[in-house]
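Here are some friendly notes to read alongside the model. Take them one at a time, with the two chains in view.

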Number of protein chains: 2
Amino acid sequence: MEDKITAMIPARLGSKRISRKNIRYMDQKPLIQYPIDLALDSGLFAEVWVNTESEELGRLVQTMGACFHRRPAEFAGDHATNREFMYEFVKKHDCDYVVMMNTTSPLLRESTVKKFIEFIRANDYDTVVSVTAQKEETFFRDKPLNFSLEEKVNSQLLEPTEAIVWALTAWKTKTFIRLQEEGKNPVFGGSLAKFVIPKDEACDLDTEEDWRIAEGILESRKTNREKRYVQL
Amino acid sequence: MEDKITAMIPARLGSKRISRKNIRYMDQKPLIQYPIDLALDSGLFAEVWVNTESEELGRLVQTMGACFHRRPAEFAGDHATNREFMYEFVKKHDCDYVVMMNTTSPLLRESTVKKFIEFIRANDYDTVVSVTAQKEETFFRDKPLNFSLEEKVNSQLLEPTEAIVWALTAWKTKTFIRLQEEGKNPVFGGSLAKFVIPKDEACDLDTEEDWRIAEGILESRKTNREKRYVQL
């Protein structure tokens, strides 16, 4: 039988750095609607849940076609961690995998979500995190990490660094529950795989500037401007 | 006496990944004009040179107010390295520091260039590279670099990685020439400092997608859209 994969979108009404970001319009629709539309339109998930402490936000997401998981107040504070509210969620929803989709990733494409789900089904990892790969001369603790000061090589030849973006994360439910109950960290638990997503689908939404950039990128995808050159 | 600082903008007419990118319009002006305007408007440089093998491009940049340094054909091929064409340039232009500004950084702001020049003047480094800092869980060679699989911590608490962006690079001319003549790599030569630039001023221009993103970001800076929210 095919694995049952459930989408879970964590969303609080109060957000600290950008105020009420989940209900703020980004380009044509509220931020919370991006992962909901993506999850529903993809047709890849058995269920699509929004995990929020807010009744009002819960009612809103239901009008968008998602289910409302009411997060208990004790897991809704600023210090609530992923593992606590995830554990509360997976204990109540029977599924083989839960895929966390963050509202802070409005640039994610359906084709990428499809490949991510195919990757989960084709393998048997306990945890799959999404990463972006960078081939750039990188320092860590003030020392060159993937290059040498003795020579300058073409950046295409550099070993990449890979950064977790939290746009898409998948956990095998059984493993997640077991590790949490054993007092171990389930977030990177069991057999762990990285899944590379395109760089232009990852973004930060920590500042107003980040917000405008994401909006600019969304707009730039719609326009197919003519290339114009200087006549020499 | 104040150090003489010269700006040098390397630019070829033929570009491989994005065709003729230097004379292609990005938003309101050709790509080559971004670093030229930035360097001239800042008033920080004794001289502003474009280093190109192309006579036509040389004439164009002169109409924009830059000086034309004709790069000899032997340093204009696909395999010409920074150190070779830089050496040829600094041997011919007397200055204390040369600052390389790349045309692939149209998002760079004047305030950042100002701080960069102040940093050079206030210190005595042989080489200053510009970097962006990332606080993200990062893998290198499949191993966690700045985080532990045993716990999930707030990303604000992570040690950053820093990646070189080549938007702005400064070399002390004397040291650069000496190292090159000794057969050593001058690109990261002598005492080396990193200068952190804001993330939204760095961009790639390797693909058409990158191009549209940079254009979207430039546009997003101009608009000051009203914040709109869903009424709950």
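1. In this predicted model, 63 residues of chain A are in contact with 63 residues of chain B, where contact means heavy atoms within 4.5 Å.

2. The two chains bury about 5,800 Å² between them, and 58% of that lies on carbon and sulfur atoms. Buried area is the accessible area (1.4 Å probe) that two parts lose on being put together, summed over both. On the chain A side, F139(A), Y229(A) and L232(A) lose the most area to chain B, together 12% of what that side buries.

3. Now look for charges. The interface of chain A and chain B holds 10 salt bridges, each a side-chain nitrogen of Lys or Arg within 4 Å of a carboxyl oxygen of Asp or Glu. For example, E159(A) and R141(B) form a salt bridge through their side chains (2.6 Å, N to O).

4. Which element gives the most to the side of chain A that touches chain B? The answer is α6(A), with nine residues. Helices (H or I, at least four residues) and strands (E, at least two) are DSSP runs, numbered from the N terminus.

5. Pairing requires at least two DSSP bridges between the strands. Here F139(A) stands opposite E162(B) in β10(B).

6. A word on conventions. Residues are numbered from 1 along each chain as its sequence is written, chains are lettered from A and ligands numbered from 1 in the order in which they are written, and side-chain values use heavy atoms, leaving out hydrogens and water. Local features need pLDDT of at least 70 and side-chain atom pairs count only at pLDDT 80 or more, while totals for chains, interfaces and linings use all residues.
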